[in-house]
Amino acid sequence: MSFDVLSWALPSVLSLQPYQPGKPVSELQRELGLADIIKLASNENPLGCSPAVQPAVQAELAKLALYPDGAGFELRQALARHHGLDMAQVTLGNGSNDLLEIIAHSFLSCPHAAVVSEYAFAIYGLVVRAIGARLLSAAAHDYGHDLAAMRALIDAQTRIVFIANPNNPTGSILSQAALREFMQDLPEHVVVVLDEAYLEYAQEGGVDAASWLAQFPALIICRTFSKAYGLAGLRVGYALSSVAIADVLNRVRQPFNVSAVALVAAQAALADQDFVARSRQLNAQGMTQMLSGLHTLGVRALPSQGNFLCVDLDRPAQPVYAGLLRHGVIVRPLAGYGLPQHLRISIGLPHENERCLQALDEVLR
Ligand SMILES: *Cc1c(COP(=O)(O)O)cnc(C)c1O
């Protein structure tokens, strides 16, 4: 007798499409045998991470037989200080994606719904639908969140609203004033997840966690060490919330969800705010370089407050994506986001940006 896994898996799970990450460099190497490949596909930090991380990690390597501190005491203490909050308001995650899943499991079950925007980060839909909860998506306005449309979708069963600010993959941002108005108008049974993965790069839109959490008890702010801190490979993110919400999240969180190496690395990275400032500056320069290069090529890009550009090719993007791969340049196709004519290109080092522009020029001819 054969075991038919498809008949046993949950229908809500069978309806999911696996998340499509940016193509790893090693994979393209295997496929095309290219030696010189650049990856501008996953919004990673082209500067790497703070030089303070290496020695911290090195010291921790002597203790790998021990479980990590499941409470993440020192990192949470440092994060609380950094944000002017109480330690009990900080919850750690194995990347902020882990927190998004923890939040979904804490507040959603089958009859419930979560509200997102069109072109929202794909993980929101995955964690909601995997539970069997409903995902309600509001049409975007100008490729960004339409908060009035999202508000209109909230019903008695809605438990979570996910907002990425800045948004990935479109790069749009909401002003503090618009967010505040939205928060003030929410029914009491709804938790708002404000995903600020790219906030270090943004010129505007950031909220002061301490005062906003004091004012809005149903707010959860998610941050990550994967982008401006340059630690995507180690997987560390955190949520800032009321003590009561953190207490709920900690019931679902796996006790050792952040590794010992990741804990010390994140702490060292957090302490080096100069590195974050350098990353921000490099990104601003690279953004200018890419926008001017794209303009010369006659390619439009959406305004972006992140470390990436969403370019509108005005024709099917898949062949352009494939052409760039043959030039050893990995970018991100967005058909899975309902944007089959767009590509997302991460801002790299100046020579990487230049190489991407040259490859794009050749591919578009
Ligand atoms: C990259 C990204 C994250 C961070 O994910 P990690 O799990 O922390 O690596 C979160 N939200 C959005 C919108 C992102 O683009």
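Visitor: How many salt bridges does the structure hold?
Guide: This is a predicted model: local features need pLDDT of at least 70, side-chain atom pairs count only at pLDDT 80 or more, and totals for chains, interfaces and linings use all residues. Residues are numbered from 1 along each chain as its sequence is written, and side-chain values use heavy atoms, leaving out hydrogens and water. A salt bridge puts a side-chain nitrogen of Lys or Arg within 4 Å of a carboxyl oxygen of Asp or Glu. The count of salt bridges is 12.

Visitor: How many residues apart in sequence are the parts tied together by R355 and D36?
Guide: Helices (H or I, at least four residues) and strands (E, at least two) are DSSP runs, numbered from the N terminus. The side chains of R355 and D36 form a salt bridge of 3.2 Å, N to O. R355 belongs to helix 15 (residues 350-364) and D36 to the loop between helix 3 (25-32) and strand 1 (38-39), so the pair ties together parts whose separation in sequence is 319 residues.

Visitor: Is D36 buried or exposed?
Guide: Buried means under 20% relative accessible area, exposed means over 50%, and partly exposed lies in between (1.4 Å probe, protein chains only). R355 has 21%, so R355 is partly exposed. D36 has 52% relative accessibility, so D36 counts as exposed.

Visitor: Which residue forms a salt bridge with R223?
Guide: The closest N and O atoms of this salt bridge are 3.3 Å apart, and the partner of R223 is E200. The pair links distant parts of the chain, 23 residues apart: R223 in strand 7, and its partner in the loop between strand 6 (191-195) and helix 10 (209-215).

Visitor: Which side chain of opposite charge is nearest to K227?
Guide: K227 sits in the loop between strand 7 (219-224) and strand 8 (237-240). Lys and Arg count as positive, Asp and Glu as negative; His and the chain ends are not counted. K227 is buried but has no salt bridge. At 7.2 Å, the nearest side chain of opposite charge is D195.

Visitor: Which side chain does a polar contact join to K227?
Guide: A polar contact is a pair of N or O atoms within 3.5 Å; within protein, one must be able to donate a hydrogen and the other to accept it, and residues adjacent in sequence count only if both atoms are side-chain atoms. Here the distance is 3.1 Å, and the side chain joined to K227 is that of Y198.

Visitor: Why is the pair of Y124 and F162 stacked?
Guide: Rings of Phe, Tyr and Trp (its six-membered ring) pair if their centres lie within 6.5 Å; planes under 30 degrees apart count as stacked, over 60 as edge-to-face and the rest as tilted. By this rule there are 9 aromatic pairs. The ring centres of Y124 and F162 are 4.7 Å apart, and the pair is stacked because the planes are at 10°.

Visitor: Which ring does the charged end of R344 sit over?
Guide: A charge sits over a ring if NZ of Lys or CZ of Arg is within 6 Å of the ring centre and within 35 degrees of the ring normal. The charged end of R344 is 5.8 Å from the centre of the ring of F308.
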